[in-house]
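Subject: Handover of a structure, with notes on what was found

Dear colleague,

I am passing the structure below on to you, and I would be grateful if you read the notes that follow with it open beside you.

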Amino acid sequence: MAQTLSDSELVARCRSGDQQAWAELVDRFSRYVYAISVQAFRLSDADAEDVFQEVFARAYEHLDGLRDDAAVRPWLAQLTRRLCIDRLRATSRERPATDEDLELAGSEETLTMLEDALTVHEALAATPEHCREILDRFFARDESYRTIGEALDLPAGTIASRISRCLGRLREFLEGRTQPDPPSSSR
Amino acid sequence: MTAFDEERLARLIRALPPAPEAWVRAAQELPLAKAGLDEIVARAEADAHFKARLVADLESALEAEGYERDPAVIKALKVRFKSK
């Protein structure tokens, strides 16, 4: 999960036929694509799997058409959203969706939260491996102290304090990386 | 994104659990599968009968023609031919 190449460097390598780079690109964005389909659009596992494979199949096929290599993240997000909507439309022809289903589908609030989550995961990938590992195992993989202790050969009693210290480091890293823009800059 | 209190960081890390390993592996193997995929697609474009069989029942059609059962190829072909 460590990130050494920027998104644009990774895309350029994929375009040149580097299979390792492609594997890294899939790894980097797999959670994001998965989360959009199951959390924002609430697709079933079967539909989410189809969307997941279709997103990466299309990305692989159309990587040459990407105008800005650094924009691979919003490009994949847009592609995933479009395919989720197509899937929901197809499903609603077979089984009409309720108003509530449609209202919840692709909630902007959830999509924004997932963008923030990816930013945090990218920052996490830049933290020391011991922090990356313990935070990912505890929060994202929902592993118990016992499982983490066994996997990382740590006494269970030290895990909570390590998690807290690593969250602090992650926070410092993110705050350092996101200094407020100078007043003259407007976005 | 402006505030990074630790509770929010924890929530955001939790929001992106890993995708199922098999899905990730299949997507990572796309380049390896592409050669086999291209051959099948080219054949389907040249042979309407073969294409119709793929659309009707992809896995049986591939098996009948002696193609190796590669999950990545099958997934990509399902997308291409919208087969069940």
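Helices (H or I, at least four residues) and strands (E, at least two) are taken here as DSSP runs and are numbered from the N terminus. With that in hand, chain B reads α-α-α-α-α-α along its sequence, which comes to 6 helices and 0 strands. Please keep in mind that this is a predicted model, in which local features need pLDDT of at least 70 and side-chain atom pairs count only at pLDDT 80 or more, while totals for chains, interfaces and linings use all residues. Residues are numbered from 1 along each chain as its sequence is written, and chains are lettered from A and ligands numbered from 1 in the order in which they are written.

Chain B on its own

Along its principal axes, the C-alpha trace of chain B spans about 60 × 20 × 20 Å. A residue is called buried if 20 or more other C-beta atoms, placed from the backbone, lie within 10 Å of its own, exposed if 12 or fewer do, and partly exposed in between; by that count, buried residues make up 31% of the 84 residues in chain B. Two residues are said to be in contact if their C-beta atoms, placed from the backbone, lie within 7 Å, and of the contacts in chain B with a separation of 6 or more, 66% are between residues 24 or more positions apart.

Within chain B, helix 3 and helix 6 pack with their axes 9 Å apart and at an angle of about 55°, where axes are lines fitted to C-alpha atoms, for helices over the stretch in contact, and angles run from 0 to 180 degrees between N-to-C directions. That makes helix 3 of chain B oblique to helix 6 of chain B, given that angles under 35 degrees count as roughly parallel, over 145 as roughly antiparallel, 65 to 115 as roughly perpendicular and the rest as oblique. On the side of helix 3 of chain B, the residues that make this contact include L30(B), A33(B) and G36(B), and on the side of helix 6 of chain B they include A72(B), V73(B) and R80(B). The crossing of helix 3 and helix 6 of chain B is right-handed, a crossing being right-handed if the near helix is turned clockwise from the far one by less than a right angle, and left-handed if anticlockwise.

Chain A on its own

Chain A has 9 helices and 0 strands, and buried residues make up 29% of its 187 residues. Of the contacts in chain A with a separation of 6 or more, 64% are between residues 24 or more positions apart.

Helix 7 (residues 129-140) and helix 8 (residues 145-152) of chain A have axes that come within 10 Å and cross at roughly 150°, and the two helices are therefore roughly antiparallel to each other. In this pair, E133(A), I134(A), R137(A) and F138(A) of helix 7 of chain A meet I148(A), A151(A) and L152(A) of helix 8 of chain A.

Not counting residues up to four places away in sequence, L79(A) touches V55(A), R58(A) and A59(A).

Where the chains meet

The contact between the chains takes 35 residues from chain A and 23 residues from chain B. Helix 1 of chain B gives the most to the side of chain B that touches chain A, with 6 residues. That side has 19 nonpolar, 1 polar and 3 charged residues, where Ala, Val, Leu, Ile, Met, Phe, Trp, Tyr, Cys and Pro count as nonpolar, Asp, Glu, Lys and Arg as charged, and the others, Gly among them, as polar.

Helix 6 (residues 108-125) of chain A and helix 1 of chain B pack with their axes 8 Å apart, at an angle of about 95°, and are therefore roughly perpendicular to each other. D116(A), A117(A), V120(A), H121(A) and L124(A) of helix 6 of chain A make this contact with L9(B), L12(B) and I13(B) of helix 1 of chain B.

With best wishes
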